[in-house]
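Welcome! Here is a short briefing on how charged side chains pair up in one protein model. Take a look at the sequence and structure first.

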Amino acid sequence: MNPQNSAFQQGHEVSLPQYAHHQVSPIEAPGGLPEDTLVLTQKGEVRVQELQPGDKVITRNTGFVPLRAISSHSEKTRMVRVTAGSLGHTRPEEDMDLPADQTVLVRDWRAKAIYGQNQAAVAVGCLVDDEFVLDLGERSQTLFTLEFDRPCVVYAGGLEVAITPSSPRSRQKAA
């Protein structure tokens with residue numbers, strides 16, 4: 001764990017039911033899923049770019065939830081690689097790159113050791129340890145943003161990824 005990480009020091013919070021609150025604001029840090037990330041749906045695993053509004057996505061906290069909208073944008077952003085199996089048994093199943101501000105649900109020893117909780121919603125950039133979670137630096141990336149009517153945790157690429165409804169401000173910015 002790198003306590004000097006600037007995202008860690010900012011200490012923004014995200015509000016997700018049932019989970020500890022740590023490290024990211026949905027307004028300032030929308031995150032997103034890179035192209036070809038597999039998302040678990042009622043129909044099985046579907047590549048994020050193939051999802052359509054109305055698809056039922058399986059969530060950890062509320063079962064099947066219909067996808068309200070999906071958008072994509074390209075940007076240069078700090079990316080983090082989570083190596084296969086580094087966040088629990090087969091989590092993720094293979095190496096996965098995410099934007100540093102993407103919130104993930106951590107339910108392994110890190111949640112207890114770092115946050116004093118059994119589980120914590122944390123910006124993945126806060127987990128960089130230079131061994132299993134690697135800072136890849138700034139990269140140009142196409143990211144897909146999923147929109148739901150309520151906060152939820154979806155299964156994406158073998159990780160539990162937190163999604164919060166976008167604020168009116170971030171929706172205007174995307175338009």
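Is R68 buried, partly exposed or exposed? R68 is partly exposed, with a relative accessible area of 33%. The model you are looking at is predicted, and it holds nine salt bridges. Side chains of opposite charge can pair when their charged atoms come close.

**R68 and D149**
- The side chains of R68 and D149 form a salt bridge, with N and O 2.8 Å apart.
- This pair links distant parts of the chain, 81 residues apart: R68 sits in the loop between strand 6 (63-66) and strand 7 (69-82), while D149 sits in the loop between strand 11 (133-147) and strand 12 (152-156).
- D149 is exposed, at a relative accessible area of 60%.

- R107 lies in the loop between strand 9 (103-106) and helix 2 (109-115) and E160 in strand 13 (residues 159-163), so their bridge ties together parts 53 residues apart in sequence.
- R107 is partly exposed at 32% relative accessible area, whereas E160 is buried at 4%.
- Through salt bridges that share partners, R60, R91, R107 and E160 join into one network.

**R47 and D36**
- A salt bridge also connects the side chains of R47 and D36, at 3.9 Å from N to O.
- R47 belongs to strand 4 (residues 44-47) and D36 to the loop between strand 2 (33-34) and strand 3 (38-41), 11 residues apart.
- R47 is partly exposed, with a relative accessible area of 36%, and D36 is partly exposed, with 42%.

Key: Residues are numbered from 1 along each chain as its sequence is written. This is a predicted model: local features need pLDDT of at least 70, side-chain atom pairs count only at pLDDT 80 or more; totals for chains, interfaces and linings use all residues. Side-chain values use heavy atoms; hydrogens and water are left out. A salt bridge is a side-chain nitrogen of Lys or Arg within 4 Å of a carboxyl oxygen of Asp or Glu. Helices (H or I, at least four residues) and strands (E, at least two) are DSSP runs, numbered from the N terminus. Buried means under 20% relative accessible area, exposed over 50%, partly exposed in between (1.4 Å probe, protein chains only).
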